Amino acid sequence: MTISADKLTTQLGWRYAVKRFDASRKISAEIWQALERSLILTPSSYGLQPWQFAVITNEEVKKKLPAISWGQQQPLDCSHMVVLAARRTMDAEYVERYMSSVTETRNLAADAMDGYRRVLVSTVEKMDSHLDWNARQVYIALGQLMVAAAMLNVDTCPMEGIDAQAYDQLLGFHGSDYTTVVGCAVGYRHPEDAQAQAVKVRFSADELVRRF
Ligand SMILES: Cc1cc2nc3c(=O)[nH]c(=O)nc-3n(C[C@H](O)[C@H](O)[C@H](O)COP(=O)(O)O)c2cc1C
């Protein structure tokens with residue numbers, strides 16, 4: 001089943017960056033499972049999935065978040081605070097692990113991907129900043145999560161206003177292969193969140209879209 005074009009536009013217009021979540025409303029297990037799946041199903045360059053996602057629902061942990069989020073309350077009041085982390089590096093070993101997962105999942109001969117593997121290893125070895133590349137992939141996951149949530153009438157607030165180093169410390173990313181890039185508070189808007197009434201501000205399609 002597909003949804004109508006109208007419905008898509010309505011839901012994307014319904015979504016806004018929530019400033020005040022309703023702390024009393026939690027996302028059901030069924031809905032959360034679908035949203036988590038939207039993160040896992042995010043496409044990435046070559047399929048490398050250079051990310052990890054931390055999901056915070058524990059109230060004791062959430063209480064620590066405003067202090068490391070520029071004082072913003074959304075990470076505390078939302079239902080699920082998602083922290084999207086990128087791999088700091090990319091190397092032949094990681095590529096190899098991914099290739100093994102491709103051949104196993106698709107039941108291919110172990111050497112079926114050798115040509116692709118060589119191209120990929122050489123691409124990765126030539127790259128200046130793996131973290132920049134990986135972080136760009138992470139933002140695709142952020143976008144996919146926000147759109148998926150909106151389709152299910154679940155609210156979000158994408159959050160760069162977080163202290164990435166402090167999140168790394170809190171979540172155990174410090175000293176690991178991954179580092180915090182961006183957050184996304186997920187839950188339900190408070191009925192009194194004034195931001196819900198704010199008219200969307202976007203440049204016109206004429207300015208933003210070039211047609212050929
Ligand atoms: C990557 C990114 C980081 C953002 N960081 C924050 C943030 O830390 N706090 C916040 O309240 N809004 C944040 N926003 C929300 C934007 O200000 C908002 O998306 C933009 O003004 C457009 O408004 P809308 O999302 O309500 O349509 C962020 C948005 C994006 C895409």
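**Briefing: ligand shell, sheet and core**

In this predicted model, the shell around the ligand comprises 6 nonpolar, 2 polar and 3 charged residues. Strand β3 (residues 155-159) supplies the largest share of that shell, with 3 residues. The model also contains an open sheet of 4 strands and a largest nonpolar core of 36 residues.

**Ligand surroundings**

- The residues around the ligand are Tyr16, Ala17, Lys19, Gln72, Cys157, Pro158, Met159, Glu160, Gly161, Val182 and Lys200.

**Sheet architecture**

- The strand order of the open sheet is β1-β2-β4-β3, and the pairing is antiparallel.
- From one strand to the next, the twist averages 25°.
- Strand β2 (residues 80-87) pairs with strand β4 (residues 178-187) in the antiparallel sense over 8 bridges.
- Val82 has Cys184 of β4 as its bridge partner.
- Helix α8 (residues 164-171) lies across β1, β2 and β4, and runs at about 90° to β4.

**Nonpolar core**

- Within the largest nonpolar core, the residues with the most contacts are Leu84, Val138, Leu145, Cys184 and Val186.
- Two or more residues of this core come from each of β1, β2, α7 (130-151), β3 and β4.
- Helix α7 contributes the largest share of the core, 8 residues.
- Leaving aside residues up to four places away in sequence, Cys184 touches Val82, Leu84, Leu142, Leu145, Met146, Thr156, Pro158 and Met159.
- Among these contacts of Cys184, Pro158 and Met159 also belong to the residues around the ligand.

Technical notes. Residues are numbered from 1 along each chain as its sequence is written. This is a predicted model: local features need pLDDT of at least 70, side-chain atom pairs count only at pLDDT 80 or more; totals for chains, interfaces and linings use all residues. A residue is near a molecule or strand if its C-beta atom, placed from the backbone, lies within 6 Å of it. Ala, Val, Leu, Ile, Met, Phe, Trp, Tyr, Cys and Pro count as nonpolar, Asp, Glu, Lys and Arg as charged, and the others, Gly among them, as polar. Two strands pair if DSSP finds at least two bridges between them. Axes are lines fitted to C-alpha atoms, for helices over the stretch in contact, and angles run from 0 to 180 degrees between N-to-C directions. Two residues are in contact if their C-beta atoms, placed from the backbone, lie within 7 Å. A nonpolar core is a set of buried Ala, Val, Leu, Ile, Met, Phe, Trp, Tyr and Cys residues joined through C-beta atoms within 7 Å. A residue is buried if 20 or more other C-beta atoms lie within 10 Å of its own, exposed if 12 or fewer, and partly exposed in between; C-beta atoms are placed from the backbone.
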